[in-house]
Amino acid sequence: MFLPACAIIIGIVAGVLCFYGVRLKFVVGCDDSLDVVGVHGVGGIWGPIATGIFATYAGQGLIAGHPGQVLVQLVAVSSVGLYCLVMTHVICLVLDKVMGMRVEGDEEIMGLDNEIHGEVGYSNT
């Protein structure tokens with residue numbers, strides 16, 4: 001397959017997956033104000049899988065007749081995902097014990113710009 005066509009397919013699929021990954025946070029009710037999971041998580045999973053599918057230049061991808069490469073990429077994605085899950089949990093536990101992970105509810109409603117920094121980021125006037 002022509003290499004630029006593979007890149008275009010990977011990019012289009014990445015855009016669609018990341019778009020719906022961001023939308024998924026509203027369905028799940030996830031607190032992800034910067035869309036980290038929807039963009040970096042979903043895109044970061046798609047990238048290695050796409051490599052396993054489209055690695056035709058190296059002769060290793062699914063399209064080149066080596067489906068095992070997709071399995072290798074899935075194992076790698078799963079390993080990294082598990083590592084990130086465990087380490088994020090440990091870091092969050094430590095931070096919660098040291099300084100807390102959330103602000104008070106009324107501080108959040110008033111806006112963190114004003115409550116924490118003493119500035120108003122957005123004015124209603």
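This is a predicted model: local features need pLDDT of at least 70, side-chain atom pairs count only at pLDDT 80 or more; totals for chains, interfaces and linings use all residues.
Does Gly 43 count as buried, exposed or partly exposed, and what is the relative accessibility behind that label? Gly 43 sits in helix 2, and at 24% relative accessibility it counts as partly exposed, because buried would require a value under 20%. Setting aside neighbours within four places in sequence, Gly 43 touches Cys 18 and Gly 38. For a sense of distance, the C-alpha atom of Gly 43 is separated by 18 Å from that of Thr 88, a residue 45 positions away along the chain.

Gly 43 also belongs to the contact between helix 1 and helix 2, so let's look at that pair. The two helices pack with their axes 9 Å apart, at an angle of about 150°. That angle makes helix 1 roughly antiparallel to helix 2, since values over 145 degrees are counted that way. The crossing of helix 1 with helix 2 is right-handed. On the helix 1 side, the contact is made by Cys 6, Ile 9, Ile 10, Val 13, Ala 14, Leu 17, Cys 18, Gly 21 and Val 22. Helix 2 answers with Gly 38, Val 39, Val 42, Gly 43, Trp 46, Ala 50 and Phe 54. By type, the residues of this contact divide into 13 nonpolar and three polar, with no charged residue.

Most residues other than glycine have a negative phi.

Next, follow helix 2 (residues 36–54) to its meeting with helix 3 (residues 68–98). Their axes come within 7 Å and cross at roughly 160°, which means that helix 2 runs roughly antiparallel to helix 3. The crossing of helix 2 and helix 3 is right-handed. Here Ile 45, Pro 48, Ile 49, Thr 51, Gly 52 and Ile 53 of helix 2 meet Gln 69, Val 70, Gln 73, Leu 74 and Val 77 of helix 3. The residues of this contact comprise seven nonpolar and four polar, and again none is charged.

Apart from neighbours within four places in sequence, Gln 73 is in contact with Pro 48, Ile 49, Thr 51 and Gly 52.

Where is the largest nonpolar core? Its seven residues are Cys 6, Trp 46, Ile 49, Ala 50, Ile 53, Phe 54 and Val 70. Helix 2 supplies the largest share of this core, with five residues.

Ala 5, found in helix 1, is partly exposed, with a relative accessible area of 29%. Ala 5 and Ala 58 are 53 residues apart in sequence, and their C-alpha atoms are 16 Å apart in space. Met 99 lies in the loop between helix 3 and helix 4 (105–110). With a relative accessible area of 65%, Met 99 is exposed, because that label applies over 50%.

Technical notes: Residues are numbered from 1 along each chain as its sequence is written. Side-chain values use heavy atoms; hydrogens and water are left out. Axes are lines fitted to C-alpha atoms, for helices over the stretch in contact, and angles run from 0 to 180 degrees between N-to-C directions. Helices (H or I, at least four residues) and strands (E, at least two) are DSSP runs, numbered from the N terminus. Angles under 35 degrees count as roughly parallel, over 145 as roughly antiparallel, 65 to 115 as roughly perpendicular and the rest as oblique. A crossing is left-handed if the near helix is turned anticlockwise from the far one by less than a right angle, and right-handed if clockwise. Contact means heavy atoms within 4.5 Å. Ala, Val, Leu, Ile, Met, Phe, Trp, Tyr, Cys and Pro count as nonpolar, Asp, Glu, Lys and Arg as charged, and the others, Gly among them, as polar. A nonpolar core is a set of buried Ala, Val, Leu, Ile, Met, Phe, Trp, Tyr and Cys residues joined through side-chain atoms within 4.5 Å. Buried means under 20% relative accessible area, exposed over 50%, partly exposed in between (1.4 Å probe, protein chains only).
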